[in-house]
Amino acid sequence: MAKVTIDGATIEVPDGTTILNAARQIGGESVPPAMCYYSTLKESGGKCRVCLVKVAQGSTKDPRPMPKLMASCRTPVMDGMVVQSITSPEVLEARKSVVEFLLINHPLDCPICDQAGECDLQNLAYKHGVAKTRYEEERRTFEKIDIGDKIKLHMNRCILCYRCTFVANQLTDNRVHGVLSRGDASEISTYIQKAVDNDFSGNMIDVCPVGALTDKTFRFKSRVWFTNPMDGHRNCPKCSGKVVLWTKGNDVLRVSARTDQYNEVKEFICNECRFEHKNMNDWTIDGPRHIDRDSVIAQNHYERTDLQKLKLEIDRQIEFEKGKQLPEPNPSLTA
Amino acid sequence: MEEVKFSEGTLALVNKIIRRYPEGKQKSALLPTLHLAQAEFEGWLSVPVMDYVASLLKIKPIEVYEVASFYSMYNLKPVGKCLIEVCQTGPCWLRGSDDIVEHLEKKLKIKNGETTSDGMFTLKTVECLGSCGTAPMLQCGADYHENLTAEKVDRLVEKLRTSDKRSSYMR
Amino acid sequence: MSKKFLLEHVNVPRIETINVYREKGGYAAVEKALKTMTPDQIIDEVKFSDLRGRGGAGFPTGLKWSFMDRKSDKPRYLVCNADESEPGTFKDRYLMEKLPHLLIEGMIVSSYTLGAKAAYIYIRGEYMYIVRILEKAIEEAYAAGYLGKNILGTDYSLDLYVHPGAGAYICGEETALLESLEGKRGNPRLKPPFPAIAGLYACPTVVNNVESIASVPTIINITADKYNDVGIGKSAGTKLISASGHINKPGVYEIELGLPVEDFIYSDEYCGGIWKGRKLKAVVAGGSSVPILPANLIITTAKGEKRLMTYESMADGGFVSGTMLGSGGFIVMDETTCIVRNLWTFARFYHHESCGQCSPCREGTGWMEKVLHRIEHGHGHMNDIDLLVDVAKKIEGNTICPLGDAAAWPVASAIRHFREEFEYHVKYPEKVKDPKHFEKEPFEREALMVNG
Ligand SMILES: Cc1cc2nc3c(=O)[nH]c(=O)nc-3n(C[C@H](O)[C@H](O)[C@H](O)COP(=O)(O)O)c2cc1C
Ligand code: SF4
Ligand code: FES
Ligand code: FES
């Protein structure tokens, strides 16, 4: 066991626990945000750098501070370690920087994005972001593509967390997509036109922190906050069958796996449950789904958007649906 | 389409390379094998070629695509018979690499990144090749051409034009 | 003449063949080490020699070796880092091309010390012609009984292989190199674990630079005492310097650590002064990633002392008025150089070479390149200059591997020492339209003295 202090709160955790998971056990505002780490996916984390913390004391044995900020999701605690999360201005500054980096090439097309309202990047930007972008260069763009008939890839929105590749490696037996090219030209791709098709491939959609991988079977493309999320289950031979049903009236618009307060799926679901059962009668309803405090929907940020802007964005969306080039997004809507 | 297959000699070489690594670690042979493949199959890596390499090393095709697209020496599109790579990084620029690129563009009547219409030359600028002390320089296949001047470049281009060999890193 | 530990015989005809190499005393260190010394004795010897890693970071080699988990029952590996891709650095190429057997000899002694039964030389793919040279030399060494089973009749056996990369600077970072050697993308690993515990195939591994390994035979032959007689303090022995840019005699030079920078630039034994009779403007002293210094600060430190070619003297003044010895890539710029354009080429390089795994480096390197491109081409704004400083600051220290820092330092230092030149580009866009803008009319500035 190791004793670790995070922003003044002390907890004892098993050896090998990461700083992030120790912080999650303590809970509260000191829990670092995480965009690439995913507790149920091995090897994830370390990449986005948004979970950086300051290790003010390495351990009781070696009390020296660590020279650089550390990725809390991949750094194991040591006995006597002292960590600063939100009590370190340096950490807050670094997180803000990472958010800015993640946004410079992001299309900011939230108003037309399926993920809006349940997007980790959107939530993060509200919490840590700066109001105005300083980036005036051209944004990186990719074509959006279908990877199979069930999943759509909007590479423009991807933040290269690698989670979907871990899903393919760890939950399916044949990975056909991966990260191609390098640097800021990197992209998630199958390289050749190929369907990502496998019993568990749909989980890529749930682990995606942004709207890069979305469910093509999401019916009527409703905004998430107009839907009524319910917990439901069915007897499934392939998976736990425990899901969230995104409903409107009597329709099941979309099915996803259940996530915890950190927006992580603990029990992955199979593609049959996700894509094939869009009828209320297929499911036993367990009750309403609780939405996390951090989310944009929960905080009603969307109501702040004035109607004129919303109308402009809807126009943009219509153009977009017609297959036209998107006009410049309106940063004031999202920043 | 013709079946993609290494020559006997190359196949033997691939097997020899695989034996350099411990049992079960044959994926280690991927980079050297892709070099051989590029040399044998017209200077670039097509999907069938990459799939063939995947089958030889018993790995998934996507593992090959991921790697091939990461490293700058692998061409994922066809290139001219002679791929001319001019270094453009600071130390070479200090010694006039811009002039060399400009000269080549004029001489070959193509822009950086393009291939001549006869498929003879592809011109590409690259980053530091470890030849900064003999700058400006270019690489064509395995050969380094250093301390370049416009005249030297002219002579080289004429020589390459009449050579019947495709440029290759493996020679 | 200064001492030459590495290049003493470099001009001997056919020194690349094993017979000539042996005539000149080659492979004596293998005999001595394998037959008369234990691995622990060798580690101590290397520790006492004060040899520091020549790949850039300058980490003490003996200490690194002592971290190797030699109790593990897994195989152990030695991997030679011959990826040499830092702009301005070409010494390893010279050494391998001219003296392949020196590297092989170092590999044998070092592998024996670390208990490695297989060792790899990971060489950048562009050096394919050197792969041939090395493979030929390795074949000779096998035939002569220096490699393979029961070397020189001892019970030590070693296999040595050359493994080519395929164009990626990041594979010089040791964990990216190991990934690449495993046939993967060159994405650096998160540390810990360090390679000494879990490196190649998750086995204990040491990664060392070509020049570090090639220095080992000398230490064995002449002893640590004699080795660190050369140099000053913790900067012991000799170092290969790759000299490039606006000098009369570019090339690779072996210097004794401690040589004054001024002598290195102006003496005929080395660079032979600035070309075309021009004046010195600036130097990037240790490969493109180290801070650039203006002429006055590279010759003398801010305290007014002569700056020496040692790890410590180069770093004197920290990042305010000092730099680093780094990989020894010594890039010299004369008075006609546009600092902004040179920096833009560096920024373009790091942008091109970022592996793209972590967001500050992936996004930040591209951002800096684009802003620098604008400034250099006359489309900059005044606030771009501070923006660059800020973006660099936000990358530095926040990334997985030091490539982020390597991209940030040149930007931060160039603006620190040459801010007027950036401002000039913004103020007079039409004057920088010609790509050779300062060649005809050097940019005039007052000598900058920075208080240390
Ligand atoms: C981006 C990057 C590139 C590097 N490139 C090289 C290189 O080309 N050659 C090298 O020897 N070390 C390089 N290094 C340093 C290696 O990571 C490592 O420190 C070195 O190989 C250790 O050997 P040494 O202790 O003998 O110097 C690089 C480091 C970084 C972060
Ligand atoms: S700092 Fe750059 S090169 Fe290093 S891991 Fe991050 S993205 Fe890759
Ligand atoms: S969550 Fe830790 S680096 Fe991304
Ligand atoms: S900068 Fe061109 S070879 Fe180094």
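1. **Contact, and the C–A interface.** Contact means heavy atoms within 4.5 Å. By that rule, 34 residues of chain C and 34 residues of chain A make up the contact between these two chains. Keep in mind that this is a predicted model: local features need pLDDT of at least 70, side-chain atom pairs count only at pLDDT 80 or more, and totals for chains, interfaces and linings use all residues. Residues are numbered from 1 along each chain as its sequence is written, chains are lettered from A and ligands numbered from 1 in the order in which they are written, and side-chain values use heavy atoms, with hydrogens and water left out.

2. **Area between C and A.** Buried area is the accessible area (1.4 Å probe) that two parts lose on being put together, summed over both. Chain C and chain A bury about 2,900 Å² between them. Carbon and sulfur atoms account for 47% of that area.

3. A salt bridge is a side-chain nitrogen of Lys or Arg within 4 Å of a carboxyl oxygen of Asp or Glu. Chain C and chain A share eight salt bridges. One of them joins the side chains of R374(C) and E136(A), at 4.0 Å from N to O. A polar contact is a pair of N or O atoms within 3.5 Å; within protein, one must be able to donate a hydrogen and the other to accept it, and residues adjacent in sequence count only if both atoms are side-chain atoms. There are 22 residue pairs in polar contact between chain C and chain A, both at pLDDT 80 or more.

4. **Which part of chain C touches A?** Helices (H or I, at least four residues) and strands (E, at least two) are DSSP runs, numbered from the N terminus. The elements of chain C that give two or more residues to this side are α14 (339–353), α15 (359–376) and α16 (382–395). The largest share, 10 residues, comes from α15(C). By class, this side of chain C has 11 nonpolar, 14 polar and nine charged residues. Ala, Val, Leu, Ile, Met, Phe, Trp, Tyr, Cys and Pro count as nonpolar, Asp, Glu, Lys and Arg as charged, and the others, Gly among them, as polar.

5. **The B–C interface.** Here 42 residues of chain B are in contact with 59 residues of chain C. The two chains bury about 3,900 Å² between them, 58% of it on carbon and sulfur atoms. R20(B), F70(B) and L94(B) supply 17% of the area that chain B buries against chain C, more than any other three residues.

6. In one of them, the side chains of E127(B) and R348(C) meet at 3.6 Å, N to O. On chain B, the elements giving two or more residues to the side that touches chain C are α2 (30–40), α4 (61–68), α5 (90–94) and α6 (97–108). That side of chain B has 20 nonpolar, 12 polar and 10 charged residues.

7. **Strand β2 of chain B.** Buried means under 20% relative accessible area, exposed over 50%, partly exposed in between (1.4 Å probe, protein chains only). Five of the six residues of β2(B) (residues 121–126) are buried, so this strand is largely enclosed by the rest of the structure. Two strands pair if DSSP finds at least two bridges between them. Strand β1(B) (residues 82–87) runs parallel to β2(B), with six bridges joining them. I84(B) stands opposite L123(B).

8. **Strand β2 of chain C.** Is β2(C) (residues 118–123) enclosed or open? Six of its six residues are buried, so β2(C) is largely enclosed by the rest of the structure. A118(C), Y120(C) and Y122(C) point one way, while A119(C), I121(C) and I123(C) point the other way. Strand β1(C) (residues 77–82) pairs with β2(C) in the parallel sense over six bridges, and L78(C) has A119(C) as its bridge partner. Strand β3(C) (residues 159–164) also pairs with β2(C) in the parallel sense over six bridges. There, I121(C) is partnered by V162(C).

9. **Chain A and S85(A).** Chain A has eight helices and 14 strands. Of its 335 residues, 56% are buried. S85(A) sits in the loop between β5 (81–84) and α2 (89–104) of chain A. S85(A) counts as buried because its relative accessibility is 0%. A polar atom of the S85(A) side chain lies 2.9 Å from the backbone oxygen of S30(A). Not counting residues up to four places away in sequence, S85(A) touches residues including I6(A), D7(A), P32(A) and R95(A).
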